[in-house]
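Let's take a walk through this one together. Have the sequence and the 3D view ready, and follow along.

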Amino acid sequence: MDLKRGFGVLVVLLLAVSMFLNSQNISFGDIFSNDTPVTLDGVQILEYEGKDLTSILNLRDNSISGPPEIDIVSYTLNINGLVGQELSFTYDELRTRFNPYTKVVTLHCVEGWDATMLWEGVLFKDIAGMAGIKGEADTVIFHALDGYTTALSLDYLISNNIMLAYKLNGVTLPAKYGFPLQLVAESKWGYKWIKWVSQIEFSDDENYLGTWERQGYSNDADLNKGFFD
């Protein structure tokens with residue numbers, strides 16, 4: 001009888017803990033994970049215009065070598081390549097000099113999971129417009145602080161209002177998931193959503209292959225197609 005009563009108490013406690021964690025958008029996996037905990041600088045938005053959003057705490061860390069160390073004081077986003085004027089922006093300049101843009105977009109990972117989230121940042125075309133793109137440029141190569149690269153067509157980036165996000169679900173993009181900037185490559189597979197962006201290079205090499213594309217992943221990365229060539 002004592003054993004049954006003890007088991008019942010344990011079940012009640014586990015249910016209570018589970019309800020509390022759910023109310024805080026935390027899973028048991030987050031509690032017992034060896035991963036670095038994620039700290040948010042505010043209360044994240046989990047519903048927007050009638051759409052349920054994926055909690056930041058449910059995202060997976062799929063970096064190639066772990067999240068890089070970021071010194072935001074010395075960080076700059078560098079714009080170069082086939083441009084009339086090379087530019088660089090500090091993190092504060094990116095957040096104050098450009099109009100913010102927000103949109104709910106779903107990230108689809110080749111690992112089989114997806115996340116629908118509210119992204120906020122600066123439009124790529126607003127940055128590109130300041131640099132003065134040369135006529136022969138048709139490709140944009142993105143470089144990350146951890147050495148990762150990927151490329152997308154200039155036309156896709158401009159015509160689809162693609163953004164570089166610095167906020168996620170209403171809070172600052174966590175360091176673990178791309179701070180200070182992540183590309184929101186809407187309608188593309190997740191390996192095009194480059195994190196920790198530090199350089200935007202305008203190019204005429206439409207066949208440029210990035211980190212995963214060199215391993216055989218599709219350079220187009222369209223969601224309505226397979227992600228292998």
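Helices (H or I, at least four residues) and strands (E, at least two) are DSSP runs, numbered from the N terminus. This is a predicted model, where local features need pLDDT of at least 70, side-chain atom pairs count only at pLDDT 80 or more, and totals for chains, interfaces and linings use all residues. Residues are numbered from 1 along each chain as its sequence is written, and side-chain values use heavy atoms, with hydrogens and water left out.

Start at Asn169, in the loop between strand 9 (163-168) and strand 10 (171-172). With a relative accessible area of 0%, Asn169 is buried (buried is under 20%, exposed over 50%, partly exposed in between, using a 1.4 Å probe and protein chains only). Leaving aside residues up to four places away in sequence, Asn169 touches several others, among them Gln44, Leu53 and Met117; contact here means heavy atoms within 4.5 Å.

Now hop to Pro67, which sits in the loop between strand 2 (51-52) and strand 3 (76-81). Pro67 has 35% relative accessibility, so it counts as partly exposed.

Next come strand 3 and strand 4, which form a hairpin with five residues between them. They run antiparallel and are joined by four bridges (two strands pair if DSSP finds at least two bridges between them). Ile79 has Leu87 in strand 4 as its bridge partner.
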